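Here is a short briefing on one protein model. Please keep the sequence and the 3D view open while reading.

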Amino acid sequence: MQDSETMANMMKDMTQYIMMPKIRYAQGVGTYVSYDIAAYDCFARDIVALVPDVTADRDTALHIVGQLNKHQLSPIHLNDAILDMLK
């Protein structure tokens, strides 16, 4: 049996935020790469939230994902949190 601190740390890491590059096309712009940000539930082994086409800047996407993982944001707040970070 695990102690309560170990269990709390395990539960905290159940959601991992990831960025996924995707090639897109927009009329007038042409082909470009942008990043989707997803909440991956490690327990369910599935993506539980996704915000598409967040940014075309890789460093910005990395920063956002890093902050989301650091603060273990609930997936229900993903869209609002990304909008706040892009302001």
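**The sheet and its surroundings**

Three strands form an open sheet in the order 1-2-3, with antiparallel pairing. Strand 1 and strand 3 (46-55) are the edge strands, and each pairs on one side only. From one strand to the next, the twist averages 25°. Helix 2 (residues 58-71) packs on the sheet and touches strand 1, strand 2 and strand 3. The direction of helix 2 makes about 155° with that of strand 1.

This is a predicted model: local features need pLDDT of at least 70, side-chain atom pairs count only at pLDDT 80 or more, and totals for chains, interfaces and linings use all residues. Residues are numbered from 1 along each chain as its sequence is written, and side-chain values use heavy atoms, with hydrogens and water left out.

**Overall make-up**

- The protein has three helices and three strands. Helices (H or I, at least four residues) and strands (E, at least two) are DSSP runs, numbered from the N terminus.
- Along the sequence, the pattern reads α-β-β-β-α-α.
- Of the 87 residues, 25% count as buried. Buried means under 20% relative accessible area, exposed means over 50%, and partly exposed lies in between (1.4 Å probe, protein chains only).
- The accessible surface comes to about 6100 Å². Carbon and sulfur atoms account for 55% of that surface. Areas come from the Shrake-Rupley method with a 1.4 Å probe; for residues, only the protein chains shown count as cover.
- Among contacts between residues at least 6 apart in sequence, 43% join residues at least 24 apart. Contact means heavy atoms within 4.5 Å.

**Strand pairing**

- Strand 1 (residues 15-26) and strand 2 (residues 30-41) pair in the antiparallel sense over 12 bridges. Two strands pair if DSSP finds at least two bridges between them.
- T15 stands opposite D41 in strand 2. R24 has Y32 of strand 2 as its bridge partner.
- The hairpin of strand 1 and strand 2 has three residues between the strands. In this hairpin, G28 takes a positive phi near 90°.
- Strand 2 and strand 3 pair in the antiparallel sense over six bridges. D41 stands opposite D46 in strand 3.
- The hairpin of strand 2 and strand 3 has four residues between the strands. R45, in the turn, has a positive phi of about 55°.
- T31 is found in strand 2. T31 counts as exposed because its relative accessible area is 59%. T31 touches I23, R24 and Y25, not counting residues up to four places away in sequence.

- Helix 3 (residues 78-86) lies across strand 1, strand 2 and strand 3. Helix 3 runs at about 25° to strand 3. Axes are lines fitted to C-alpha atoms, for helices over the stretch in contact, and angles run from 0 to 180 degrees between N-to-C directions.
- I82 has its place in helix 3. I82 counts as buried because its relative accessibility is 2%.
- I82 touches I37, V51, V54 and I64, leaving aside residues up to four places away in sequence.
- I82 and A61 are 21 residues apart along the chain. Their C-alpha atoms are separated by 9.7 Å.

**Salt bridges**

- A search of the whole structure finds two salt bridges. A salt bridge is a side-chain nitrogen of Lys or Arg within 4 Å of a carboxyl oxygen of Asp or Glu.
- D36 lies in strand 2 and R24 in strand 1, so the pair ties together parts that are 12 residues apart in sequence. D36 and R24 are both buried.
- Another salt bridge joins the side chains of D84 and K87 (3.8 Å, N to O). K87 counts as exposed because its relative accessibility is 81%.

**Nonpolar surface patch**

- I18, I47 and L50 form a nonpolar patch on the surface. Together they have about 230 Å² of accessible area.
- Patches are made of residues with over 30% relative accessible area and no salt bridge: like charges are joined within 9 Å, nonpolar side chains (Val, Leu, Ile, Met, Phe, Trp, Tyr) within 5 Å.
- I18 is found in strand 1. I18 counts as partly exposed because its relative accessible area is 32%.
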